[in-house]
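Let's take a friendly walk through a protein model together. Have a look at the picture, turn it around if you can, and then read on.

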Amino acid sequence: MAKVELKGISKVYDGNTRAVDNANIVVEDKEFVVFVGPSGCGKSTTLRMVAGLEDITEGELYIDGELMNDVPPKDRNIAMVFQNYALYPHMTVYENMAFGLRIKKVPKDEINRRVHEAARILDIEKFLDRKPKALSGGQRQRVAVGRAIVRNPKVFLFDEPLSNLDAKLRVQMRAELSDLHLRLNATMIYVTHDQVEAMTMANKIVVMKDGKVQQTGSPLYLYNHPINKFVAGFIGSPPMNFLTVKVTEKDGSVVLDEGSFQVKPVQEHQSYLKKYAGKDIYFGIRPEDLNFTESSADENRMGVKITVVEPLGADIHLWLTTPTQPLVARTEPHHAFKVGDTAGFVPRMDKARYFDRETELSILAELDAAAEK
Ligand code: ADP
């Protein structure tokens, strides 16, 4: 069992920088939780407080119900894997992995057993006698993970462990770490600025910005029910489009007016939007929810100009513009799109999100709260 709970945790550096502000996070036993957000949002600081590498300014940290605030790092039964691997260059892979256990005076046979077991899991047995400099980036990262595994910790902490690897290796290691999580059946907390890593690896994502937790939930919950414009724009690539539209009423229904086109929200969203009649809001629509149409008679048709065509093989990213606002569509390459052409797109209105211009909060928050997390 290894449940980690952060209750009202804050970190103030040097008496003024509030790096983390009132974080409330529950990491369940055996869960893979990813902290994600832009650089400087407080992810590493939060992780380092869990590890005991930073003091907690306010709030309480519990591991398995036990208060950890004043427990030294070595007694927390946690292992951390760093971005720069932090391997000892003069030691072999075996010695690097065995080092922490030797310090703890674990018997030699036991060390030998654990190192070989971890090396087998990570497929690095053939490198045990090599020094780190004779290994590739990916192999070094595996050794760093191996050093964590041999300690048999309650919780694994990863701080941007893949950012030094090239794109292809990153994708491979991503899958390996997910697989490792399943095989070890362990609690893991993983920090990254890369929303793709968060989406692909996490059971639960914690999105942070400016030291504050914005939203917590499964990857698909956050994708489909972002709590605010920040989360909506951060999760997903290319990001969600945000068009400023005016809420108007026509024949008793809400219609959104962009200036160059009008779209009608689905029935389920109508009552929430009615409250904004006469006001501007953000109409959020994901690139894949814009469907190309050749018919000029479609209801909700948005006529836009193509500014950039990016063919990616399986699909195409189209950079578009209304007379006043840019947007991106992602579509199958079934049509010869040309820069400068005008094209028609119909948004999937059931997938549309709406955000308050001032608070940037989701106007559909009530519906979102009812959806499965
Ligand atoms: P992230 O991991 O999301 O990039 P960090 O947790 O490293 O963010 O940093 C959060 C904020 O705290 C940043 O503004 C950063 O400059 C500040 N910070 C981090 N470490 C220190 C420190 N040792 N002293 C003062 N400020 C720090």
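Predicted model: local features only at pLDDT ≥ 70, side-chain atom pairs only at ≥ 80, totals over all residues.

## Strands side by side

Strand β16 covers residues 302-311, strand β19 covers residues 342-347, and the two pair in the antiparallel sense over four bridges.

Strand β16 has another partner as well. It is joined by six bridges to strand β17, residues 316-321, and these two also run antiparallel. Here you can look for Glu-310, which stands opposite His-317 in β17. Together β16 and β17 form a hairpin, with four residues between them. In the turn of that hairpin sits Gly-313, whose phi is positive, at about 95°.

## The whole protein

Now zoom out. How many helices and strands does the protein have? There are 10 helices and 20 strands. Along its principal axes, the C-alpha trace spans about 80 × 45 × 35 Å.

Of the 373 residues in the protein, 50% are buried. The accessible surface comes to about 17700 Å², and carbon and sulfur atoms account for 48% of that surface. Contacts tell you about the fold too: among those with a separation of 6 or more, 66% are between residues 24 or more positions apart.

## Around the ligand

Next, find the ligand. Its surroundings are made up of Tyr-13, Asp-14, Ala-19, Pro-38, Ser-39, Gly-40, Cys-41, Gly-42, Lys-43, Ser-44 and Thr-45. Sorted by class, this shell has four nonpolar, five polar and two charged residues. Helix α1, residues 43-51, gives the largest share of the shell, with three residues.

Several distances are worth checking on your screen. The side chain of Thr-45 has an N or O atom 2.5 Å from an oxygen atom of the ligand. For the side chain of Ser-44, the distance from an N or O atom to a ligand oxygen is 2.8 Å. Gly-40 takes part through its backbone, where an N or O atom lies 2.7 Å from an oxygen atom of the ligand. On its own the ligand has 560 Å² of accessible area, and the protein covers 61% of it.

Is Val-81 buried or exposed? Val-81 counts as buried because its relative accessible area is 1%, and buried means under 20%. You will find Val-81 in strand β6, residues 78-81. Leaving aside neighbours within four places in sequence, Val-81 is in contact with Gln-141, Ala-144, Val-145, Ala-148, Leu-157, Phe-158, Asp-159 and Pro-161. Take Asp-159 from that list: it is 78 residues from Val-81 in sequence, yet the C-alpha atoms of the two are 6.3 Å apart in space.

Setting aside neighbours within four places in sequence, His-269 is in contact with Met-349, Asp-350, Ala-352, Tyr-354, Leu-364 and Leu-367. Helix α9 spans residues 267-274, and its buried residues are His-269, Gln-270, Tyr-272 and Leu-273. What covers them includes the strands β11, β12, β14 and β20, along with helix α10.

Most residues other than glycine have a negative phi, and most peptide bonds are trans. With that in mind, look at some places that depart from the pattern.

Asp-210 has a positive phi, near 50°. It lies in the loop between β9 and β10, and it counts as exposed because its relative accessibility is 59%. Glu-360 has a positive phi too, near 65°. Its place is in the loop between β20 and α10, and its relative accessible area of 29% makes it partly exposed.

Where is the cis peptide bond that ends at Pro-238? It runs from Ser-237 to Pro-238, with omega near -10°. Pro-238 itself is found in the loop between α8 and β11.

How values were computed. Residues numbered from 1 in each chain as written. Heavy atoms only, no water. Pairing = 2+ DSSP bridges. Near = heavy atom within 4 Å. Polar contact = N/O pair within 3.5 Å; in protein donor to acceptor, adjacent residues only side chain to side chain. Areas by Shrake-Rupley, 256 points an atom, 1.4 Å probe, with all protein chains shown as cover. Nonpolar A, V, L, I, M, F, W, Y, C, P; charged D, E, K, R; others polar. Buried < 20%, exposed > 50% of the residue type's maximum accessible area, 1.4 Å probe, protein only. Contact = heavy atoms within 4.5 Å.
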